[in-house]
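Let's walk through how to read a strand arrangement together. Have a look at the display first, and then we'll go question by question.

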Amino acid sequence: MVVVTTREPQSMADAYSFLKIASTTGRHREFHMVMNQIDDEKSARDAFARLSEVVGRFLPVRLRLLGCVPDDDAVTDAGYRRRSLFDLNFTPPAARAVWTIGEQLLEGDHARAGLDDGTGE
C-alpha cells in the first residue's frame, strides 16, 4: 500500500492516523511512503525518519521510503489547465519523480533503487 504525505506536521499526523487505522485491520504490515512537495531530498528523508521512528514505537508496521516528489509549480499549472503533468510540452521534475516511483512499483524492486526504510537493512 502506498501512502503519500508531505513534511508538514498536519500531513504527517494524517499519515500516522491512516497507518494506525490501516494497521488495525491486520491486512497490511508494510507501507510504502512517498514524500510529496519536498524542497530537497535530505529534508524529506529526515521527515520520513521521524515518522518511521514514531510509527515503529507505536504501530506493528514497517515503512519503506518509495520516493520523493519535488515541489514543482508545473503541478499547479497542470491543475489549472486540467491536464496531466505528462501532457505538458516538457518533463517537469515532479513528473519524472512520479514516473520513477511508478516504475519501481511495477518492478517490485524498491531496495535496488536505493529507496528503503533508511536503516541500511
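Q: Which residue in β2 is the bridge partner of Val2?

A: His32 in β2 is the partner. This is a predicted model, where local features need pLDDT of at least 70, side-chain atom pairs count only at pLDDT 80 or more, and totals for chains, interfaces and linings use all residues. Residues are numbered from 1 along each chain as its sequence is written, and side-chain values use heavy atoms, with hydrogens and water left out.

Q: In which sense do β1 and β2 pair, and over how many bridges?

A: Strands pair if DSSP finds at least two bridges between them; strands (E, at least two residues) and helices (H or I, at least four) are DSSP runs, numbered from the N terminus. Here β1 (residues 2-5) and β2 (residues 30-38) pair in the parallel sense over four bridges.

Q: What stands opposite His32 in β3?

A: That's Arg64. β2 and β3 (residues 62-70) are parallel too, over seven bridges.

Q: In what order do the strands sit in the sheet?

A: The open sheet of three strands runs β1-β2-β3. β1 and β3 are at the edges with a single partner strand each, so one side of each has no neighbour in the sheet.

Q: What handedness does the unit of β1, α1 and β2 have?

A: A crossover is right-handed if, with the strands pointing away from the viewer, the path from the first strand over the helix to the second runs clockwise. β1, α1 (residues 9-24) and β2 make a right-handed β-α-β unit, and β2, α2 (residues 41-58) and β3 make a right-handed one as well.
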